[in-house]
Amino acid sequence: MQTLRNIKLRRLASNTSLPPSSSFTHLPRMRRCLSPVSSCLAFSTGCSDSGSSLIKNFSASTASLTVNRAKEIGLLNATEDLYDGVTVEMKEPMESEVFVSLLRASMSKWRQQGKKGVWIKLPIQLSSLVEPVVQEGFRYHHAESDYLMLVHWIPNTPDTLPENASHRVGIGAFVINNNREVLVVKEKNGGFRGTGVWKLPTGVVHEGEDICAAAVREVKEETD
């Protein structure tokens, strides 16, 4: 396929125009030619009108391709919950224009279905989609080291989506031996470090950890 790199421009003058061998007829099918054509239009008075029309047609064609691509893909994959809500967990890369088209179509369907809360989980690799999602009315709910969760309340009623966890569970271990002696420790770290205070082994329960297992772990850590 011939590209615009083979077109030689003549010395610019008031009546400068592209050589007869060049033509705009095949440009819509030459996606990489848009930038060079734009450069030609900036300096050529003879092709500015047709060039502007070409750029508009090219943009319209690109937008049409984006919409058609969204239609081919369909709606966003979502999991329904027990509270008339849906969760979208994005995993594969997607262009923001395509994603927004799918999201709008999906929101329209969920609204018709009477859905309420919409949760969108974006992994850190897809952070480029955060701004488009926020522009569609979503807000931040919470974030972890590898993802961001955004939410949106569809109905025109008070938002009852639960807030993110705001508390941590702590434990204190009471250890007694056969001589009825109680285990106490001095902290190497934390607020009591260097104070000389004796205290029970304490700590924080890890996410998903059993409380009893956490107590055993903290005792081992603070007596090591």
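# Strands, faces and loops

Q: What order do the five strands of the open sheet have?
A: The order is E1-E2-E3-E5-E4, and the pairing is mixed. A strand here (E) is a DSSP run of at least two residues, a helix (H or I) is a run of at least four, and both are numbered from the N terminus. Two strands pair if DSSP finds at least two bridges between them.

Q: Which strands stand at the edges?
A: E1 and E4 do. Each has a single partner strand, so one side of each has no neighbour in the sheet.

Q: Hold on, what kind of model is this?
A: A predicted one: local features need pLDDT of at least 70, side-chain atom pairs count only at pLDDT 80 or more, and totals for chains, interfaces and linings use all residues. Residues are numbered from 1 along each chain as its sequence is written, and side-chain values use heavy atoms, with hydrogens and water left out.

Q: What does the chain average for pLDDT?
A: It averages 77, and 67% of the residues score at least 70. pLDDT is the predictor's confidence in each residue, from 0 to 100.

Q: Where is the pLDDT below 50?
A: Residues 1–48 are one such stretch. Beyond near neighbours in sequence, that stretch has 43 contacts in the model. A contact means heavy atoms within 4.5 Å. Over residues 58–67 the pLDDT also stays under 50, and there the model has five contacts beyond four places in sequence. Where pLDDT is low, the predicted coordinates should not be read in detail.

Q: Back to the whole chain. How many helices and strands are there?
A: Five helices and seven strands. Along the sequence the pattern reads α-α-β-β-α-β-α-β-β-β-β-α.

Q: How many of the 224 residues are buried, as a percentage?
A: Buried residues make up 29%. Buried means under 20% relative accessible area, exposed means over 50%, and partly exposed lies in between (1.4 Å probe, protein chains only).

Q: Which strand is largely enclosed by the rest of the structure?
A: Strand E5, residues 147–153. Seven of its seven residues are buried, so the rest of the structure largely encloses it.

Q: Which residues of E5 are on each side?
A: Tyr-147, Met-149, Val-151 and Trp-153 lie on one side. Leu-148, Leu-150 and His-152 lie on the other. Both faces are covered.

Q: How many bridges does E5 have with E3?
A: Seven, and the two strands pair in the antiparallel sense. E3 covers residues 117–123. Its Gly-117 stands opposite Trp-153 in E5.

Q: What about E4 and E5, how many bridges join them?
A: Four, again antiparallel, with E4 at residues 139–143. Tyr-140 stands opposite Leu-150 in E5. E4 and E5 form a hairpin with three residues between them.

Q: What lies over the face of Tyr-147?
A: Lys-121, at 4.4 Å from the ring centre. For a charge to sit over a ring, NZ of Lys or CZ of Arg must be within 6 Å of the ring centre and within 35 degrees of the ring normal.

Q: What stands opposite Lys-121 in E3?
A: Glu-89. E2 and E3 are joined by four bridges and run parallel. Thr-87 stands opposite Trp-119 in E3.

Q: Which residues of E2 are on its covered face, and which on the uncovered one?
A: Val-86 and Val-88 are on the covered face. Thr-87 and Glu-89 are on the uncovered one.

Q: How do E1 and E2 pair? What sense, and how many bridges?
A: They pair in the antiparallel sense over two bridges. Thr-79 stands opposite Thr-87 in E2. E1 and E2 form a hairpin with five residues between them.

Q: Which residue in that turn has a positive phi?
A: Asp-84, at about 60°. Asp-84 is not a glycine. At 38% relative accessibility, it counts as partly exposed.

Q: What about Arg-180, buried or exposed?
A: Arg-180 is exposed, with a relative accessible area of 70%. Arg-180 also has a positive phi of about 60° without being a glycine. It lies in the loop between E6 (170–172) and E7 (202–204).

Q: Last one. Which helix does Ser-108 lie in?
A: Helix H3, residues 96–112. Ser-108 is partly exposed, at 32% relative accessibility. Its C-alpha atom is separated by 9.8 Å from that of Ile-154, 46 residues apart along the chain.
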